[in-house]
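Please open the model in your viewer and keep the selection tool at hand. This tour moves from one selection to the next and says what can be found at each stop.

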Amino acid sequence: MRDKTLKIVKFSSEEEGLIYYAKDDINLADVVSDFKKGYLQASKFFNAKIPKIKLILVYSRKELDNLFGHQTPDWFVGYANSSNEIFILSPSVWKQESSHSRNEFNKTLCHEIAHVFTRRINKSCEPMWFNEGLACVVAKQKIKLQKDSKLNLYNPNIMFFLDSKKNWEQTIAKEPGMPYVVSFMLVDFLIRRFGKQKIFQLLTGFNEKYNKRKFCQKFEGVYRKSIGRVVKEFLAIQ
C-alpha cells in the first residue's frame, strides 16, 4: 500500500471532503473537481448535507481486494461504507486496473457519494435494486440494456430476484452490469411516474434489517399500488 497524504476540500463553510492520495498522483486536480461536483449533485438531489466525507484513493487491484476483504472482479472499482468513507481506484490507474473507461470516474464517484447519503437515512443496503438504482439516478448514469443480455427483463418478478445482497451478487456473477441497468430503469421510472418525494418516503420507511414482506407493504402504502402492479406498468412501456 502506497503512503498517502491528506487534502481537505471545502464544499461549503459547513461541509468538507477529505482526500487521502499518493503524493505523485498526477490526477489529483481532476479528483478534487469531480469530488466537489459529485457531492453538490448528490446534496441537491437529497436536499441534505453531510459535514464530512472521506475519499480514499486506491492504487492497485490488490490494495482494493485487501480493503474489501476478498478478490474483486475487474468491473468493481470502489465502494462506500457506513462511516462516510469512499474507497475508489484513482483515475491514474483506472484504465489498467479496471474494465471501465477513464471518463466513467466522475459518475462512479458521484454514485458512491449517493450511497453515503442514502446510508444516513437508512442503514440497510437492501433491497439492492432500489439502493443501486437510486445511486445510478443521482449520478445520472443513464445505462441501457445490451442487445445480447441474458437477463430476462420482462419477467414481472425480476425485482424480487435483485432484492437481497445474495441474489444481487449471484446475478452479477452471471451477468455483470445488468442488475444495475434494470435497477436504474425502474427507479428512474418511479421518479418520472410518481415523483421524487415518494422515493424519499419509501427510503425512510426501511428498518435496519431488510424484510421483503414489510418492504412490499411499505411500497404499497407509499404508491397505493402493489410493487408487482407497478413493475408490470414499468415493463409495459419498455
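Does Leu-162 count as buried or exposed? Select Leu-162 first: at 0% relative accessibility, this residue counts as buried, where buried means under 20% relative accessible area, exposed over 50% and partly exposed in between, with a 1.4 Å probe and protein chains only. Before going further, note that this is a predicted model, in which local features need pLDDT of at least 70 and side-chain atom pairs count only at pLDDT 80 or more, while totals for chains, interfaces and linings use all residues. Residues are numbered from 1 along each chain as its sequence is written, and side-chain values use heavy atoms, with hydrogens and water left out.

**Around Leu-162**

Leu-162 lies in the loop between α6 (158-161) and α7 (165-174); helices (H or I, at least four residues) and strands (E, at least two) are DSSP runs, numbered from the N terminus. Leaving out residues up to four places away in sequence, Leu-162 touches, among others, Met-128, Trp-129, Trp-168 and Pro-179, where contact means heavy atoms within 4.5 Å.

**The core and helix α8**

Move on to Trp-129, which, together with Ile-19, has the most contacts inside the largest nonpolar core, a group of 78 residues. Such a core is a set of buried Ala, Val, Leu, Ile, Met, Phe, Trp, Tyr and Cys residues joined through side-chain atoms within 4.5 Å. Helix α8 (residues 178-194) gives the most to this core, with twelve residues. Neighbours within four places in sequence aside, the contacts of Trp-129 include Leu-186, Val-187, Leu-190 and Phe-215.

Now show α8 together with helix α9 (residues 196-203): the two pack at an angle of about 120 degrees, with their axes 7 Å apart. Axes are lines fitted to C-alpha atoms, for helices over the stretch in contact, and angles run from 0 to 180 degrees between N-to-C directions. The two helices α8 and α9 are therefore oblique to each other, since angles under 35 degrees count as roughly parallel, over 145 as roughly antiparallel, 65 to 115 as roughly perpendicular and the rest as oblique. To see where they meet, select Val-187, Leu-190, Ile-191 and Phe-194 in α8 and Lys-196, Lys-198 and Ile-199 in α9.

**The sheet**

Next, display the strands: five of them form an open sheet in the order β1-β2-β3-β5-β4, with mixed pairing, and two strands pair if DSSP finds at least two bridges between them. The edge strands, each pairing on one side only, are β1 (5-10) and β4 (78-80).

Starting from β1, follow the six bridges to strand β2 (residues 16-21), which runs antiparallel to β1; these two strands form a hairpin with five residues between them.

**Two loop residues**

Asn-84 sits in the loop between β4 and β5 and, at 14% relative accessibility, counts as buried. Arg-224, in the loop between α10 (212-223) and α11 (227-236), is exposed, with a relative accessible area of 69%.
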